[in-house]
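Open the model in your viewer and keep the selection panel at hand.

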Amino acid sequence: MATENVLFAPLQIGTIGRCHRVVLAPLTRMRAEEPGLTPTRSHVEYYAQRASPGGLLISEASYISTETHGYPHAPGIFTDSQVDAWRKVTDAVHSKGGKITCQLWHIGRVAHESWKQHPLALAYSDVWQLGVSASAIAIPTGQAKSFSGARAEQTVPRALTTQEIPRLIADYVHSAKCAMLAGFDGVEVQCACRFASELPTVPFTHDNEFTGILSIHVCPM
């Protein structure tokens, strides 16, 4: 008697149903239009080529604000123009019977201070300040990509204040809502090493209500 291949057995992921178990992992492509960080026709073509009935695609990492900016041509998901551009991508994927989620990205202390010169960062400088971590501790190894495109020594991020935490959470909420408006079927949080999602594991070098509380420092995302 033949055994059913579980690879193609229906899978329910939250509210995303009718999926099989072959998923496209997020792959950074650096093709967004500058300075608005908006997806282009190449994004539509790229994701449409990989869409299939029952297949789930996870988008490339997308900035949740200009506070997280630090790589050229990476897309964002926090402005109206970005939402409109991503809508063309999700429409193309859905037209082929596929599903797609948006990967939300805050690069935390990876952001080099020179990116404050980016036009979009300047436009929102009254709202966001580039380069933030749990403490003013630079990444100990490696180099960063500066705004000019050259490699540069890592810069020291500013320490996140407790008063800012609700704002940072609100940034994630806002970008998730933008993803829904853009037609994504869900969102996924980028939790790679050294990005903002590692904030609970970075030591606090200044006193606040979280200092010394290990359960808060290592709480799961």
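**Stop 1: the main core**

Select Tyr-47, Leu-57, Ile-77, Trp-86, Ile-100, Leu-104 and Phe-184: these have the most contacts inside the largest nonpolar core, which has 23 residues. A nonpolar core here is a set of buried Ala, Val, Leu, Ile, Met, Phe, Trp, Tyr and Cys residues joined through side-chain atoms within 4.5 Å. Buried means under 20% relative accessible area, exposed over 50%, and partly exposed in between (1.4 Å probe, protein chains only).

This is a predicted model, in which local features need pLDDT of at least 70 and side-chain atom pairs count only at pLDDT 80 or more, while totals for chains, interfaces and linings use all residues. Residues are numbered from 1 along each chain as its sequence is written, and side-chain values use heavy atoms, with hydrogens and water left out.

Now colour by secondary structure. At least two residues of this core come from each of α1 (41-50), α2 (80-95), β5 (99-105) and α4 (165-181). The largest share, five residues, is supplied by α4. Helices (H or I, at least four residues) and strands (E, at least two) are DSSP runs, numbered from the N terminus. The chain has five helices and 10 strands.

Centre on Ile-100 and show what surrounds this residue. Leaving aside neighbours within four places in sequence, its contacts (heavy atoms within 4.5 Å) include Tyr-47, Leu-57, Val-89, Val-93 and Phe-184, as well as His-94 and Asp-185.

**Stop 2: the other core**

**Stop 3: aromatic rings**

How many aromatic pairs does a search of the whole structure find? There are seven. Rings of Phe, Tyr and Trp (its six-membered ring) pair if their centres lie within 6.5 Å; planes under 30 degrees apart count as stacked, over 60 as edge-to-face and the rest as tilted.

Pick Phe-78 and Tyr-124. Their ring centres are 6.2 Å apart and their planes stand at 80 degrees, so this pair is edge-to-face. Phe-78 is in the loop between β4 (56-63) and α2, and Tyr-124 in the loop between α3 (119-123) and β6 (132-133), so the pair ties together parts 46 residues apart in sequence. Phe-78 is buried, at 6% relative accessibility, whereas Tyr-124 is partly exposed at 27%.

**Stop 4: a surface patch**

Switch to a surface view and select Leu-7, Phe-8 and Val-22. Together they form a nonpolar patch with about 270 Å² of accessible area. Phe-8, in the segment before β1 (11-13), is exposed at 52% relative accessible area.

**Stop 5: backbone details**

Most residues other than glycine have a negative phi, and most peptide bonds are trans. Show the backbone from Glu-34 to Pro-35: the peptide bond joining them is cis, with omega about 0 degrees. Pro-35 sits in the loop between β3 (23-24) and α1.

Leu-37 lies in the loop between β3 and α1 and has a positive phi of about 55 degrees, although not a glycine. Is Leu-37 buried or exposed? At 1% relative accessibility, Leu-37 is buried.

Finish at Arg-18 in strand β2 (residues 16-19). Arg-18 also has a positive phi of about 55 degrees, but is exposed, at 71% relative accessibility.

Key:
Patch = residues over 30% accessible without salt bridge, like charges linked within 9 Å, V, L, I, M, F, W, Y side chains within 5 Å. Areas by Shrake-Rupley, 256 points an atom, 1.4 Å probe, with all protein chains shown as cover. Salt bridge = Lys/Arg side-chain N within 4 Å of Asp/Glu carboxyl O.
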